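Please look over the sequence and the model shown below before reading on.

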Amino acid sequence: MTSEGPVMKIGIIGAGNIGGNLTRRLSALGHDVSVANSRGPQTLTALEKETGARPVAVGEAARGAEVVVITVPLKAVADLPSGVLDGAADGVAVIDTGNYYPRSRDGRIAGIEDEGLTESRWTERQVGHAVVKAFNGTYAADILDRHRPAGDQDRLALPVASDDEAAKAKVRALIDELGFDTVDAGGLDDSWRQQPGTPVYGLREGVEAVTKALAEASPERTPEFRG
């Protein structure tokens with residue numbers, strides 16, 4: 001399968017479940033993919049052999065990239081190298097797939113708890129660049145197994161939030177190419193509507209149900225997602 005749109009240079013930071021499967025699908029679509037993780041490119045040789053994606057150091061993943069995916073544990077975002085997005089293409093779209101799990105993984109993050117920042121707004125501050133929140137409530141296996149052609153009645157929809165309308169449009173087009181519909185979930189200050197514990201989080205439905213779930217979300221963070 002090859003890309004229906006223009007071939008893009010894409011950098012993926014994080015090679016876990018989501019990052020690994022995005023590497024697989026985006027490479028299969030014909031995009032030029034570089035992938036990095038915290039343990040170094042030498043640990044990604046199997047993924048390279050499987051997909052043809054280039055393993056690189058974290059600090060090199062964004063070089064020349066038109067799209068960068070940050071898909072690391074939220075607590076690890078603050079430890080990314082300074083200037084991690086330096087050298088990216090002009091107008092780069094930065095996708096944040098992250099979620100805040102204070103009790104099971106991330107510990108307490110003051111900016112989220114005390115300032116009331118949405119998770120992606122906090123991430124944006126750490127990386128110093130506008131981000132697009134997407135894939136945060138998506139099952140990793142669905143990226144490989146549940147993609148469908150446009151118009152298919154079983155096509156799933158993903159919410160996408162950002163303040164950068166051009167970047168949001170680029171990401172929505174890429175998600176469409178990956179085989180999913182999208183719903184515009186507003187700006188980053190609205191992205192609490194798709195955080196963990198909300199009706200849309202993990203929802204495997206189409207545009208209508210996703211739109212309804214976003215509308216029904218409460219801004220009150222549920223106890224299990226408070227630090």
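In which strand is I12 found? I12 is found in strand 1; helices (H or I, at least four residues) and strands (E, at least two) are DSSP runs, numbered from the N terminus. The model is a predicted one, in which local features need pLDDT of at least 70 and side-chain atom pairs count only at pLDDT 80 or more, while totals for chains, interfaces and linings use all residues. Residues are numbered from 1 along each chain as its sequence is written, and side-chain values use heavy atoms, with hydrogens and water left out.

- The model contains an open sheet of 6 strands in the order 3-2-1-4-5-6, with parallel pairing; two strands pair if DSSP finds at least two bridges between them.
- Strand 3 (54-55) and strand 6 (132-133) stand at the edges with a single partner strand each, so one side of each lacks a neighbour in the sheet.
- Strand 1 (residues 9-13) pairs with strand 4 (residues 67-70) in the parallel sense over 4 bridges, and G11 stands opposite V68 in strand 4.
- Strand 1 and strand 2 also run parallel and are joined by 5 bridges.
- In strand 2, V33 is the bridge partner of I10, and A36 is the bridge partner of I13.
- In a regular strand, side chains alternate between the two faces of the sheet.

- Strand 1 is mostly covered, with 4 of its 5 residues buried; buried means under 20% relative accessible area, exposed over 50%, and partly exposed in between (1.4 Å probe, protein chains only).
- Strand 2 is largely enclosed by the rest of the structure, because 4 of its 5 residues are buried.
- I12 counts as buried because its relative accessibility is 0%.
- Not counting residues up to four places away in sequence, I12 touches residues including G19, L22, T23, L26, V33, V35, A61 and V69; contact means heavy atoms within 4.5 Å.
- I12 and P55 are 43 residues apart in sequence, and their C-alpha atoms are 9.6 Å apart in space.

**Helices**

- Helix 1 (residues 17-28) lies across strand 1, strand 2 (32-36) and strand 4, and runs at about 165° to strand 1; axes are lines fitted to C-alpha atoms, for helices over the stretch in contact, and angles run from 0 to 180 degrees between N-to-C directions.
- Helix 8 (residues 165-178) lies across strand 1, strand 4, strand 5 (93-96) and strand 6, at about 65° to strand 5.
- Helix 6 (residues 119-127) is mostly covered, as 7 of its 9 residues are buried; E119, R121, W122 and V127 are among them.
- The buried residues of helix 6 pack against strand 4, helix 3 (74-77), strand 5, helix 5 (110-113) and strand 6.
- G128 follows helix 6 and has a positive phi, near 70°.

**Two loop residues**

- T97 is found in the loop between strand 5 and helix 4 (102-106), and T97 is buried, with a relative accessible area of 7%.
- Leaving aside neighbours within four places in sequence, T97 is in contact with I18, V69, I70, T71, A134, F135 and N136.
- T97 and P73 are 24 residues apart in sequence and 9.3 Å apart in space, C-alpha to C-alpha.
- F135 is found in the loop between strand 6 and helix 7 (140-145), and F135 is buried, with a relative accessible area of 4%.
- The phi of F135 is near 70°, a positive value in a residue other than glycine.

**Cavities**

- The count comes to 2 cavities of 30 Å³ or more; a cavity is a set of points on a 1 Å grid over the protein atoms alone where a 1.4 Å probe fits but cannot get out, and lining residues have an atom within 4 Å of a point.
- The largest cavity holds about 90 Å³ of space; grid points are joined across faces, edges and corners, and a volume is the space filled by probe spheres set on the points.
- The lining of the largest cavity includes F135, N136, T138, P159, Q194 and Y201.
- That lining divides into 7 nonpolar, 5 polar and no charged residues; Ala, Val, Leu, Ile, Met, Phe, Trp, Tyr, Cys and Pro count as nonpolar, Asp, Glu, Lys and Arg as charged, and the others, Gly among them, as polar.
- The second largest cavity has a volume of about 50 Å³, and D142, F180 and R204 are among its lining residues.
- The lining of the second largest cavity divides into 6 nonpolar, 2 polar and 2 charged residues.

Definitions and conventions:
1 Å grid on protein atoms, 1.4 Å probe; cavity = no way out; pocket = protein on both sides within 12 Å on 5 of 7 lines; lining within 4 Å.
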